[in-house]
Each structure stands twice: as structure tokens, then as C-alpha cells.
Amino acid sequence: MKRNTPFFFCLALAAIFLFAPHAAAGFHRAAIGDVIENAELPSLSGGTQSLLGDATVNVFVFFKPDQEHSQTTLTHLVELEREFAGRSVRWVAVASDRFKPAVIEAEVKAIGLAMPVLIDSGDELYGRLGVALSPNIGITDRQHKLVADLPFTKVNYATVIRGHIQHQLKEISDAELQNILNPPAATQGSNGEVAHRHLKYAERLFQAGLYEKAFENVEISLAKDPTLVAAYTLQGQILSVQGRREEALQSFDKALELDPSNEAARSGKNGLMNSPKQP
């Protein structure tokens, strides 16, 4: 059978970007140290905004709606944006105009993204920087010099993003950054970290009323950490809203078994016990 060489090449390239060390390049037409030309792009909320600002650190992310790795990355950025609130860090997200604004807006709302979302018309910015895969994060200094090029990785992605920001803010040294970029193998991508990430995403989906997707993510969270009390509690809340009373009670009971003092689980269980049982 004749091998489809381009197909296998693309598979190999994707594997490199997902599992290679964090130093792998995601921008094929921009190197570390290059000055990134600022761009004025349409904003999802209306009008236009610049890609980069005059903050000490500028963080921009290319993402695709309804893509698991992009959802994971945006969830990380929601937490990091809150963590760095009040410091000189500017954040923007960039999506292609190949996606309908309503689809992008739904994704952003579900995840709870507060940063501006810019629309790359005709993938002009993608092409200019040579973005191979999404998601991909770029970080520049105040002079718009590229200091970090971070294609998505499944291991310690949020930790690496945080480290580069802290380093640019001069909160950690060169040596401390290198320790973050090259951690001992035993510390990389623990089940607990994955469970927490999916739980946070499930919480935002639940708040947005996307119950099926919230349930899927809380199930993943519990598969990674079966002792996560908050995940059982959220599972019970989702099941309650869906009218699955008995299953919801089991989830609340499991949460209380692990933590008898958990008020959210107790409140959820009491609410169900005191409400009329549906026929």
C-alpha cells in the first residue's frame, strides 16, 4: 500500500508540538528576540484593538473554538489573568475569522474569558507569524520583542506560562525559570493537576448553563482524582439541574463521605430531600 507521505508528515509534526520540550518553536516566521509588528485587529466586542500594548509583559494566544487543547489553554489563562491582576501584564486572545463570531463568543462565555478577543481577518496574522498549530502563546516585553514562543503541551503548560511572565516581571531569576522549564520528571503533569483543570472548566460550563459538557468534564476530573470532593459536589449540582435526583443524591453522599463538613454538598442534598419527589 502506498504511504501518504504528507499525511504522515503532518502526524509527526503534530506529535512534536504536543510532546516536545517547551523550547520547540510554534511561530515559524518569528524567532525569540524578534520585534513583533503590532497589529490593529477587529475586536469580538466591536471596533478594533491592538495586538500588543505598553505593559511590561504582553501575552497573546491563538486559539480555535470548540477544540479541547484550546479550551484547556483558555482555562489556564483565565486563572493566570486573575493571578496577575494589578501587575503590568496585558492579555489578548486571537481567533480566525473562519469561525463564526457567535461560536467564538459562546466559547469565551463558557470559559469565563475576560481578556479582549481579536479576530484575525483572512488569517493574516497567523500567516505573518507562521503559526503552525493552535493553541499557541506568544509573550513579548514592553518593546514588543518576542521573549517566549509557547505551542501547546499537555505537561505543565500553565506553570511554564506563569514562569515566563514572572521572569519578565523580574519576580524570578534566570535559574528559577530554567528550573520551571526543566522540572524533575516526577513533577510533570500529575493527575491532580489534570483533575483540577477539568473541574475548573466544568464549573464555568455549569455557570454558563452547558450542563452536558460540564458533566463530561467533571467525569474526567473524577477519573483523574476520585477523591476530589468539589468534583462530586459539582456532579451532584449538575445532576440536580438535569432532574436526576437519585444520582445527584449519590454524588452529594460521596462528597460528604470524603468531607462531612462540606456545606455545598450538604446544602445540595438537603435541597433534594426537602423537595417533592418527581413521579
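Me: How do the axes of helix α10 and helix α11 cross?
Reply: This is a predicted model, where local features need pLDDT of at least 70, side-chain atom pairs count only at pLDDT 80 or more, and totals for chains, interfaces and linings use all residues. Residues are numbered from 1 along each chain as its sequence is written, and side-chain values use heavy atoms, without hydrogens or water. The axes of α10 (residues 245–258) and α11 (residues 263–273) come within 9 Å and cross at roughly 150 degrees. Axes are lines fitted to C-alpha atoms, for helices over the stretch in contact; angles run from 0 to 180 degrees between N-to-C directions. Helices (H or I, at least four residues) and strands (E, at least two) are DSSP runs, numbered from the N terminus.

Me: Which residues make the contact?
Reply: Among them are Leu 249 and Phe 252 of α10, and Leu 272 and Met 273 of α11. Contact means heavy atoms within 4.5 Å.

Me: New topic. What is the strand order in the open sheet?
Reply: The five strands run β5-β4-β3-β6-β7, with mixed pairing. Two strands pair if DSSP finds at least two bridges between them. The edge strands are β5 (117–120) and β7 (146–151). Twist averages 20 degrees from one strand to the next.

Me: How many bridges join β3 to β6?
Reply: Five, and β3 (residues 57–62) runs antiparallel to β6 (residues 136–140). Phe 60 has Gly 138 in β6 as its bridge partner.

Me: Which helix packs on the sheet?
Reply: Helix α5 (residues 157–168) does, touching β3, β4 (89–96), β6 and β7. The direction of α5 makes about 175 degrees with that of β7.
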